[in-house]
Every structure is written in structure tokens, then in C-alpha cells.
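The questions below ask what each label rests on.

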Amino acid sequence: MTPLTRVTGQALSLPQADIDTDIIYPARFLLITERTGLGAFAFYDRRNDPAFPIAPDLRKVPPFLVAGPNFGCGSSREQAPWALDDLGVRVIIAESFGEIFYSNCFKNGMLPIRLDTETVTALHASATSGGRFTVDLLEQRLRVDGLPPLAFDVAPAQRAALLNGWSEITRIQSLHGNDIASFEAAQRRAMPWLW
Amino acid sequence: MARTLYQKLWDAHLVVDGGEGPSLLYIDRHLLHEVSTPQSFAMLREEGLPVRRPETQLAVADHSVPTQARDQPIADPRAAAQIELLASNCASYGIEYLPLDGGGQGIVHVIGPEQGFTLPGVTLVCGDSHSSTHGAFGALAFGIGASECGIVMATQVLWQTRAKTMRVVFEGELPPYVSAKDMALALIGRIGASGAVGHAIEFAGPAVRALSMEGRMTLCNMAIEAGSRTGLVAPDETTFAYVWGRPRAPSGSRWNAALSYWRGLRSDDDAMFDREVVIRADEIAPHVTFGTSPDQVIAIDGAVPQGREKLGRALDYMAVEPGAPLVGLPIDHAFIGSCTNGRIEDLRAAADVARGGHVAPGVRALVVPGSAAVKRHAEAEGLDRVFLKAGFEWREPGCSLCVAMNNDRLPAGARCASTSNRNFEGRQGIGARTHLMSPAMVAAAALAGRIVDVRSSRA
Ligand code: SF4
């Protein structure tokens, strides 16, 4: 996984609430069994919608996405973050996220940031006026032209994984292999019916 | 200290306790389907890793399978390849795969319970958001992404953050022709599609206790549409009676050991929930969605709300008018099936309404059983003949029109009464309009050719 430490660039504002993963990546493209090149199908059915600011020209998608509440709700399909990643999106900011989508982002080197309604509203305005966004994950700060630096929450383990580009499986196995084995031995004794 | 059911299940699976932060949670069961796992297997292959405990995993194809002509080769080459890939991946990694023609195939959330793979007290995951369904058994079950499927296969654990808890109490008794689906829609209408984000819901109260396992599964299935990854019902005699004797359930002395553990799986009387919602079951009417999010829903005797600024896009897409009733709206399609309402009781409820009537001219109505076992069961009861006689199509099991990934797709502008769980734009086909409702309501709409109140159409 590519490490994420610092990202700078412009932001796309997508203020609509409840953008579900069916909108981000329509179901019929789920027949594709690859995980790369999926950006071509991102927001496919909204491309020609004038009210939807994802340009038909997908090369123009900046690294920041400021989204409406409950972004990525619905289906667990990881094709949604894969497609956004493929478009070059690295950081997504919203008031709230679909939970599975939120955790899927971290698995793919993308940073989802939750901020309060008022701040997100201000960020939509900055995004629309072409403001520059910078996120520094080491400092856990988001800097946006014209606004004071913003702190955000991210779980320490998820932060470390992003900073180092760690493979989660390798980390778990090397750090917790013994914990897992002893849990299994104990469960097998206590709940033989499960084995 | 008094603990909720969620907390008990959580504590029993802690490999590393992270307190308020992420904890490492042991996963007892993993269900696989063809759509969310090709990339997970690719991940294992890239890293050269085996599956740690293949016997805890079970695979089945459901999303992209055709629901007709199953004796023929699959027409869509991409679907055929995806299904074949699941079978071959499972073969190489030692995971059991239930083949299309083996009698055990079905929607992943229908076959887990019917196989006795889903058990009270276990942690169960699947690369599918409706994994919350299995919480109906008092299992800690939640949907995950494809990367997490790979992590579970390789390590049997996942980093998870403990959710807050929400108890949803349904007081009283459900009126006739009102079902678990209406309970779910009423809840989502009340708290919103993101109303339970960050929370694990426990469903409780007399109306929940009175539900069959099928009804409880419908309820927990829709927890995700309220934003919650997890829905739970404490196991009781109804649960144990359902699980007993199923192919993969414990038997003999193992059954007794399991049972004594399962009996402790309930929230302590003085356990505290972070939030509590109380709904009067006896006041719930049949519910129907009017918009493109499951929380855009009204009781059938209500009217589409005003609020153009907020609902404009949904109202335009659905071609419904603020202030107008949904009753009387003509439909072109009816769909009975999915992991929400594709089980035997759902088919019985629909057949009950369909019996002796006929699908209205111009309406195409599909019944897609949730699994091969449900189909056999229904046929043994003669439900297939009821449906066929009434002009419904009787299909092979799969997700079908719930997700429109196979060749069951609706044309743009078509209006469908559907027992599925998502009315998102384009969910049943580009430009198609979905109204979610219960199986009885869909059957009634199919016969009338328009949305009706099943209570008055049966009166
Ligand atoms: S029936 Fe629908 S919701 Fe259920 S697993 Fe299939 S696609 Fe998903």
C-alpha cells in the first residue's frame, strides 16, 4: 500500500447527502473481477447530470473530496473506494460516512475525515472557490486557505498503517500471531461446539 | 457490571482489547460470495498466504447468477467467469463451495441460517452489507469489504471499534397484514438512513419476541438501511427450535453445551444502552417508500411529504408528487424475493394474497425464492402453483432484481413494487423506480396493477 503522509491539492465539492456506493460504483460493473482501472466506472450513471459536479473529464478529479453527510452508505462494495482511488482521490471529508466504506478507505491508503457540519459547510465553500487543501497526517492537521488549521480524529492504528503503508495481514501476523493462537486454544476448550 | 448482548458478544471474541480504540476481534464464521471475493483471493495469492481455517468458511454464488434456464450455460460471459472463479478459488484454498446445481445454493444470507452455519453467539462476517441479517440469531454479524475478507481468511481476526448501543423496542402486537418489513421501514422512517450509524441495534420488546426467525431476519437485515452494521435479537426458544437439527448445527452433547451458553446471551436487565427508541407495533401500518433512500418512506395511508428543496431530486426521479398519496400509483413490475423477503414465510404471505387472483394486465411479476431449499419447501406446499396460476413467474434462487446484476433488470421509467431492501437510484436498472414494501403488499400491488393497501384490498 502507498503510504500517505502529506497530501496537497484542490478539492471537489459533492454536497449531496447519502451518496451511496451504488452511485459511486454501479452494480452492473461489479462483474469485473479486477481491482485496478475502476475509475472509468466511477459515478458512471451521474456523468451527464448537470447537477452533479463530477466532470465527465475524470482527469480533473483533485486529491480531496468534500462530501455530503452519510457518504458511501449502502453496499459494502470495496469497488467504491477502489474507483475513487483510481481517480486520484486520497482524502475524503464529510460529516459522516457509511461505516463499511469508512473502514474500506483505510485498507486502500485513503484517508476519510469526519468533521462537524459547520466546518464541512465552510470546506464546501473553499472547495468550490478553488482553495488549496493540505493534510498532514503526522501532525493530524488539515490546512485550508483562509481557515484556521483543523485537527481531526483518526484511530492511532489506522493512522500508523497509512503513514507506513503497512500490509494489515503482515502486521497482524507478526504482532499478534501468538494472541490469536492462544485465543483459539481457549475458545476450543470453552466452546467445543464451535469447532 | 451489567452488560448488553452486544457487549457480551464483543467481550467473548476479544483477542486484543483496545478499549475505546480498535480491538482485535476473533471471527468464527465467514460467508463468501462471487462478487466481493475475487480481489480478496488475489490478495492472498500476491502475499503467498494460505487460508488459516478453511472449515470456518462457506461460499455460494448469488448476486450474478441467472434465475432462469439454469440447465443451460450462463449466457453472460462475465457472470459465468465470476462464478467459475469463486468455485476455483474455493477449490484451491480448501473452502467449501455450494454449487449452483447442488441443491444448497441460495442467497448468502438465506443459506447461512438454513445450513445451521449461522449460530447464536458467534461472530460472522461476509463481504456484504446485509450480513446484519444473521444478528437475528444473537450472532455478532456485520458486513465487511473485500480487503477485510482477505484479512479474515488469512488471520481469522479483524480490527474493529466497539459500536455504541441502541435498543429499539417494539411494544404491543402487530396488526394483521403488517410484518417485520413494516417494522423495519417504520424504524428507518423514524430515525433516518444514517440514524444508527456507529451503533449496534438490539431489537427487543413483545412484538420482536413474537416474530418468527424469518421475521427477525427481515428486521435485522434492514438494520444497515438505518446505518447500523449490526442488528441483534437475543436468542430464545424460537431461535433454538430453528437451529436444532440443521446440517451444520451442533448435535448431541455439543448441542447441550451450546444451548447452555446460548441461554446466557441476553442483555442484563439493568444494562444501559446509549440510545433507546420505542415504537408502538400496534400503530404500525403497512409502509411504502416513495423516494430513493429507504428513509423516504410513509405509511400507506399517508401522503408524500412536502419539501421540494430537500426531496426534489428523489421526487423527480420517482415521478411522485408532494402531498399525493401512493395508493393508486400504477406499477409495471412486482418483485418478491431477496435476502430481506425471500424466505418461506415471505412466500407464504405473498401467496396468501395472490391465491385465486390474477396479476393485472401489463404487470410483470417475479417470485425469486431466496434459496433452493426455500424453493423446494414452497413447491412442497404448492405455493409455486398458486403463483403460476395467478400469473407470477416462478424463478430459480438468487439476488435477481434486488441488485440487477444478472439479466433481471428493469427498463428506465419502470415502476416496481419490491420486497427488496434498497430503493437507490438505478438499483433495479438504470432509471427504474423502486417502491419497497412487504411481500403481502407487493402481491396485492401485482394483482391490482397499482399500489394498494393490502388491508383494504383484503377486506
Ligand atoms: S438479495 Fe440483495 S441485498 Fe441481499 S445479498 Fe443479494 S444483492 Fe445483497
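Q: How many salt bridges does a search of the whole structure find over all chains?
A: The model is a predicted one. In it, the search finds 35 salt bridges over all chains.

Q: What makes Arg427(B) and Asp22(A) a salt bridge?
A: The cut-off is 4 Å between a side-chain nitrogen of Lys or Arg and a carboxyl oxygen of Asp or Glu. The closest N and O atoms of Arg427(B) and Asp22(A) are 3.1 Å apart. That is within 4 Å, so the pair counts as a salt bridge.

Q: Why is it said that the pair of Arg427(B) and Asp22(A) joins two chains?
A: Look at where each partner lies. Arg427(B) is in the loop between β18 (415-418) and β19 (433-436) of chain B. Asp22(A) is in helix α1 (residues 21-24) of chain A, so the pair joins two chains.

Q: Are Arg427(B) and Asp22(A) buried or exposed?
A: Buried means under 20% relative accessible area. Arg427(B) has 5%, so it is buried. Asp22(A) has 7%, so it also counts as buried.

Q: How do you know that Arg162(B) forms a salt bridge with Glu20(B)?
A: Their closest N and O atoms are 2.9 Å apart. The limit is 4 Å, so the pair qualifies.

Q: What parts of the chain does the pair of Arg162(B) and Glu20(B) link?
A: The pair links distant parts, 142 residues apart. Arg162(B) is in the loop between β8 (157-161) and β9 (164-171) of chain B. Glu20(B) is in the loop between β1 (14-16) and β2 (22-26) of chain B.

Q: What makes Arg167(B) and Glu276(B) a salt bridge?
A: The closest N and O atoms are 3.2 Å apart. That falls within 4 Å, so the label holds. Arg167(B) lies in strand β9 and Glu276(B) in strand β12 (residues 275-280) of chain B, so the pair ties together parts that are 109 residues apart in sequence.

Q: Which residues are linked in a network of salt bridges?
A: Arg364(B), Glu393(B), Arg395(B) and Asp408(B).

Q: Why is α6(B) called largely enclosed by the rest of the structure?
A: Because 10 of its 12 residues are buried. Among them are Lys181(B), Asp182(B), Met183(B) and Ile191(B). After α6(B) comes Gly192(B), whose phi is positive, near 95 degrees.

Q: What describes the packing of helix α6 (residues 168-190) of chain A and helix α5 (residues 146-155) of chain B?
A: Two packed helices are described by the angle between their axes and the distance between the axes. Here the angle is about 35 degrees, and the axes are 11 Å apart. The crossing of α6(A) past α5(B) is right-handed.

Q: Which residues of α6(A) and α5(B) meet?
A: From α6(A) come Glu168(A), Ile169(A), Ile172(A), Gln173(A) and Ile180(A). They meet Gly150(B), Ile151(B), Ala154(B) and Thr155(B) in α5(B). By class, the contact of α6(A) with α5(B) has five nonpolar, three polar and one charged residues.

Q: Why does Glu184(A) count as buried?
A: Its relative accessibility is 11%, under the 20% limit, so the term applies. Glu184(A) is found in helix α6 of chain A. Leaving aside neighbours within four places in sequence, Glu184(A) is in contact with Trp195(A), Tyr26(B), Arg52(B), Arg53(B) and Gln156(B).

Q: Why does Asp236(B) count as buried?
A: Asp236(B) has 16% relative accessibility, under 20%, so it is buried. Asp236(B) lies in the loop between β11 (230-232) and α9 (237-243) of chain B. Beyond neighbours within four places in sequence, Asp236(B) is in contact with Arg209(B) and Arg216(B).

Key:
Residues are numbered from 1 along each chain as its sequence is written. Chains are lettered from A and ligands numbered from 1 in the order in which they are written. This is a predicted model: local features need pLDDT of at least 70, side-chain atom pairs count only at pLDDT 80 or more; totals for chains, interfaces and linings use all residues. Side-chain values use heavy atoms; hydrogens and water are left out. Axes are lines fitted to C-alpha atoms, for helices over the stretch in contact, and angles run from 0 to 180 degrees between N-to-C directions. Helices (H or I, at least four residues) and strands (E, at least two) are DSSP runs, numbered from the N terminus. A crossing is left-handed if the near helix is turned anticlockwise from the far one by less than a right angle, and right-handed if clockwise. Contact means heavy atoms within 4.5 Å. Ala, Val, Leu, Ile, Met, Phe, Trp, Tyr, Cys and Pro count as nonpolar, Asp, Glu, Lys and Arg as charged, and the others, Gly among them, as polar. Buried means under 20% relative accessible area, exposed over 50%, partly exposed in between (1.4 Å probe, protein chains only).
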